[in-house]
Each structure stands twice: as C-alpha cells, then as structure tokens.
Amino acid sequence: MQRADTLIHAGWVIPVEPRDAVLEGHSVAVRNGRIEAVAPRGEIEADWEADAVHELGGHAVIPGLVNAHTHAAMSLMRGLADDLPLMTWLKEHIWPAEGANVSHAFVDDGTRLAAAEMLRSGTTCFNDMYLFPDAAGAAAEAAGIRASLGMIVFGFPTPWASTADEYFERGIAVHDRFREHPLVSTAFSPHAPYTVPDESLARIATLAEELDVPVHIHLHETAHEVNEAVEQEGRRPLERLASLGLVGPRLQAVHATQLTEEEIQRLAENGASVVHCPQSNLKLASGFCPVAALAEAGVNLALGTDGAASNNDLDMLAEMQSAALLGKAVAGEPAALPAEAALEMATLGGARALGLDDRIGSVVAGKAADLVAIDLNRVATRPLSHPVSQIVYAAGREQVTDVWVAGRHTVSGGRLTTMDEADLLERADGWRDKLSANA
Ligand SMILES: [Zn+2]
C-alpha cells in the first residue's frame with residue numbers, strides 16, 4: 001500500500017491526453033503536489049491510501065483550465081466603459097483611468113479579485129499582461145493560483161515605468177524574483193506592435209532566448225491595426241515581428257483576427273501559438289480568428305478571456321463554448337472545432353503556449369495536480385451521454401465544486417480556501433469609487 005495525500009474518486013476523468021479519452025469510474029492519486037496515478041477506482045483503492053479522500057461520483061475531473069490571455073487586475077474596471085470600439089475604449093476610457101489609478105495596491109487587489117473568480121470557475125493558471133507584475137505575482141502566490149507574469153513593455157511612460165530601460169530592468173527583476181518558483185513563471189509582454197518600438201522588440205527577441213521565456217503580444221487584433229501599419233510602414237505587423245526575430249515557438253500571438261493564408265502558414269512553420277479570445281473579439285467587434293484554418297495548418301491554439309473590462313468575465317467554461325460555436329460559424333462548418341478540441345485549447349493548448357506542457361495541461365501521472373471537478377449531476381447537464389459535450393456546451397461555472405492547484409485544495413465545495421471573499425468585495429467597491437472619477 002502506498003501513501004498519497006489525496007485520492008479523488010471521479011465519475012469520469014477526462015485527461016485531455018489522449019484527446020478523446022473519457023475514463024469512466026477512474027480515480028486520481030495525488031502526492032507532493034503531483035499526480036501519481038490515474039487508474040480505475042478498484043486499482044487505485046488496492047494500491048493507495050490517503051487522509052483526504054473525495055467521493056465525486058457525479059463529477060467529471062478535468063485538467064485545470066489555462067487562461068492564456070488576461071489582464072487580471074483589470075477586473076477592477078469591469079463594467080467601467082462598455083459598448084465602444086477598441087481604440088475609443090482604450091484611449092478615452094481605459095488608459096486615462098489606468099494613468100490616474102494604477103499602482104502596486106491596485107494590481108494587488110485587482111489580481112486577487114481575478115484569481116478568486118478564476119479559481120471558482122476552474123482556472124488554475126493564467127497568463128497575465130499588466131503593469132506591476134510583481135504585485136500580480138505576489139497576489140497569485142497568496143491565492144495559490146499558477147501564473148505566468150508578463151514582463152510588460154510599452155513605448156511610452158506608464159505608472160510602472162518611464163523609459164525602455166526601466167521597463168526591462170523592472171521586468172527582469174520580476175523574472176529574477178520568481179525564478180524557480182513552483183507556481184509563478186514569466187514571459188515578455190510587449191503590449192502590441194503599435195505601442196512598442198522596433199528597438200524594444202528586437203531587445204525582447206534576444207532576451208527571450210537568453211532567459212528562455214515566451215513572448216506574449218496582442219497581434220492583428222483588428223483590421224484597423226493592420227491597415228494603419230500598412231499605411232504607415234508599408235507592411236503588416238506580423239511581417240515586422242518576423243523581421244525582428246520574434247516569430248518562433250516562443251510567440252503567443254493574441255487575437256490574430258486578421259490573417260492571410262500565407263500568415264497562417266508562417267505561424268505554423270515557425271511553431272508559434274495563437275491565443276484566441278472569442279468573447280473579447282465579439283464584444284469589441286474586433287473580427288474573427290480563423291481557428292479552424294489555424295488548427296488545420298497545425299498551429300497550436302490556446303484560449304483566453306482577455307481582461308474583465310472587455311469580456312466582462314473570466315469564465316473559461318463560457319469561453320470554451322464561445323470558441324466552439326464561433327469556430328463553426330467562421331468556418332461555415334458545424335464539424336469545425338468539436339468539443340474535445342475546445343477543451344484541449346483551454347488546457348493543454350494553453351500549457352503549450354506558455355511553455356508549461358511538461359508540467360500542466362493534462363491529467364497524467366507525473367504532471368502537477370492542477371485538477372478541476374465539475375458536478376454534472378445537475379439539471380443543466382442531464383441526461384448525460386457525453387461528458388465532454390456537457391462540459392463545453394451546457395455546464396456553467398457554478399458547477400465547478402473543487403479545484404486543486406499543485407495538489408492544494410483551493411476551492412472546496414464551491415468555496416475558496418485561500419481568500420476572504422467579503423474582503424475582496426469591499427476592496428473592489430473602494431476602487432469603483434476612485435475609478436469612476438476618471439472614466
Ligand atoms: Zn488583451
């Protein structure tokens with residue numbers, strides 16, 4: 001008999017690797033934060049004992065969801081300015097409100113609020129792009145959620161940094177602080193081609209190799225962005241990034257609603273990832289990411305909510321449903337982006353984009369125990385023929401009951417174990433009063 005920390009007896013384990021597997025009546029043994037075994041219940045019970053044993057016979061256990069693009073602290077700007085085009089929204093509302101309010105304390109409170117929402121909806125890892133990533137990292141650590149922090153770079157001053165050198169110095173200090181951290185990693189996050197000059201992008205290409213980190217950037221988000229670049233510089237932003245050495249396996253191209261056939265091939269041949277944010281694209285009327293064509297070409301696809309100011313929630317279950325539905329509509333083909341593909345985008349695809357697929361993204365022995373239990377024994381998801389179909393097309397985030405991150409039980413019976421929700425709400429309301437003065 002071997003000793004585990006936690007045994008989870010699930011109705012179904014959906015490992016995502018292999019893609020179509022649904023393991024009925026299986027159990028998961030967790031020890032020291034890692035998955036030790038996934039096997040039929042009888043085998044696990046014969047081999048393992050543990051103090052914490054969870055009977056989840058009406059639940060599906062899936063890998064923790066990976067939110068591959070968000071601005072976590074923007075949860076404090078949820079509902080601040082809605083129903084506007086991207087550039088009006090950014091320039092007239094979001095950037096002025098940020099300039100006047102964003103600080104270490106803002107990012108600390110905002111990231112905690114976001115982490116609470118994400119954990120409660122089954123997200124165990126988020127890829128963040130925001131100012132004060134040091135504060136976001138500390139908040140993630142306190143919440144017990146996994147994070148990839150963006151070493152953010154803009155071509156103009158912000159409350160985080162004034163000059164190019166300062167962006168790099170402060171970003172690399174964050175990288176050094178969290179080096180070898182079990183939950184927190186880093187990536188370069190140049191905001192977008194239109195906000196970051198060539199010199200900084202070239203510097204990122206070199207430093208990303210040296211530090212062995214990904215590069216997380218908004219790219220081809222709207223037709224306006226691409227057209228303006230063509231008018232001003234005579235080429236499309238992806239072409240410019242390629243000339244600066246940024247199109248490779250480290251690249252996380254967020255949005256990518258404007259892609260030619262050649263650009264899809266270029267992303268595929270260079271091993272780049274595309275992070276699809278369907279609800280943000282819909283809300284800002286940014287355009288449609290050609291997800292089925294990208295998948296066909298072999299491009300790794302990840303899924304993100306974007307910030308809560310442009311979505312307006314951080315709900316990866318809903319995002320999966322939107323991705324699957326929109327993928328079919330854009331392709332004009334109902335077989336495009338089946339439920340299993342949407343689930344893979346939200347888990348293993350995100351892990352690959354973040355360079356973390358050796359550690360997370362699927363329920364297999366040896367990986368971190370980032371696990372989510374979804375109660376399918378509810379009216380919304382019965383009768384139950386296909387668990388993956390129910391999760392992608394029918395389940396709501398209120399059906400997430402239990403979440404583990406690296407084996408730590410961060411949501412138990414629908415309640416956060418790492419954070420005080422009443423305190424989070426009080427702080428959020430305090431920021432609402434300050435922000436409304438600048439919106
Ligand atoms: Zn974004």
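How many salt bridges does the count come to? In this predicted model, the count comes to 27 salt bridges. The views below show some of them, along with other features.

**View 1. Helix 3 packs against helix 15.** Helix 3 covers residues 104–120, and helix 15 covers residues 421–435. Their axes lie 10 Å apart, at an angle of about 130°. That makes helix 3 oblique to helix 15. The crossing of the two helices is left-handed.

View 2. Arg112 is partly exposed, at 27% relative accessible area.

**View 3. Arg397 meets Glu117 in a salt bridge.** The N to O distance is 2.9 Å. Arg397 lies in the loop between helix 14 and strand 17, while Glu117 lies in helix 3, so the pair ties together parts 280 residues apart in sequence. Glu117 is buried, at 12% relative accessibility. Arg397 is partly exposed, at 27%.

**View 4. Asp212 forms a salt bridge with Arg250.** The closest N and O atoms are 3.0 Å apart. The pair links distant parts of the chain, 38 residues apart. Asp212 is in the loop between helix 6 and strand 12; Arg250 is in the loop between helix 8 and strand 13. Asp212 is exposed, at 56% relative accessibility, whereas Arg250 is partly exposed, at 22%.

**View 5. Leu282, Phe288 and Val330 form a nonpolar surface patch.** Together they have about 270 Å² of accessible area. Val330 lies in helix 12. Val330 is partly exposed, at 38% relative accessible area.

Technical notes: Residues numbered from 1 in each chain as written. Predicted model: local features only at pLDDT ≥ 70, side-chain atom pairs only at ≥ 80, totals over all residues. Heavy atoms only, no water. Patch = residues over 30% accessible without salt bridge, like charges linked within 9 Å, V, L, I, M, F, W, Y side chains within 5 Å. Areas by Shrake-Rupley, 256 points an atom, 1.4 Å probe, with all protein chains shown as cover. Salt bridge = Lys/Arg side-chain N within 4 Å of Asp/Glu carboxyl O. Helix = DSSP H or I, 4+ residues; strand = E, 2+ residues; numbered from the N terminus. Buried < 20%, exposed > 50% of the residue type's maximum accessible area, 1.4 Å probe, protein only. Axes fitted to C-alpha atoms, helices over the stretch in contact; angles between N-to-C directions. Parallel < 35°, antiparallel > 145°, perpendicular 65-115°, else oblique. Left-handed = near helix turned anticlockwise from the far one by under 90°.
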